[in-house]
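Student: I am new to this structure and would like to go through it with a few questions. Could we take them one at a time?

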Amino acid sequence: MSFPLDRCRKSLFHVGFKSVELLDNGVGDNLRFALVERGGGVRREIRVSEIELLWLCLILEDVSSRYDNEFSHS
């Protein structure tokens, strides 16, 4: 499985002075991803494989749908 990313920084969101970016590096079996948080002079980076990124996205999708359902019933 491959995500259609174009080998450049993808800004996910900005909140105040913080930003989170998704970067993709490598090709084929060596494809790796990094989630980079920047803000307040601090940079944090988490490197994940393609399958780990897919797992993370599925968890976030599940949490997001439960969060949306909780507020739609209020």
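Student: In which strand is Ser 49 found?
Tutor: This is a predicted model, and its chain holds 1 helix and 4 strands. Read along the sequence, these elements follow the pattern β-β-β-β-α. Ser 49 lies within residues 42-49, and that stretch is strand β4.

Student: Is Ser 49 buried or exposed?
Tutor: Leaving aside residues up to four places away in sequence, Ser 49 touches Arg 32 and Phe 33. A residue counts as buried when its relative accessible area is under 20%. Because the relative accessibility of Ser 49 is 14%, the residue counts as buried.

Student: Which residue forms a salt bridge with Lys 18?
Tutor: A search of the whole structure finds 5 salt bridges, and one of them links distant parts of the chain, with Lys 18 in strand β2 (residues 18-25) and its partner in strand β3 (residues 32-39), 19 residues apart. The side chains meet at 2.6 Å, N to O, and the partner of Lys 18 is Glu 37.

Student: How far apart are the closest N and O atoms of Arg 47 and Glu 45?
Tutor: Glu 45 also meets Arg 43 in a salt bridge, at 2.7 Å from N to O. Glu 45 counts as partly exposed at 30% relative accessibility, whereas Arg 47 counts as exposed at 52%. In the salt bridge between Arg 47 and Glu 45, the closest N and O atoms are separated by 2.9 Å.

Notes:
Residues are numbered from 1 along each chain as its sequence is written. This is a predicted model: local features need pLDDT of at least 70, side-chain atom pairs count only at pLDDT 80 or more; totals for chains, interfaces and linings use all residues. Side-chain values use heavy atoms; hydrogens and water are left out. Helices (H or I, at least four residues) and strands (E, at least two) are DSSP runs, numbered from the N terminus. Buried means under 20% relative accessible area, exposed over 50%, partly exposed in between (1.4 Å probe, protein chains only). Contact means heavy atoms within 4.5 Å. A salt bridge is a side-chain nitrogen of Lys or Arg within 4 Å of a carboxyl oxygen of Asp or Glu.
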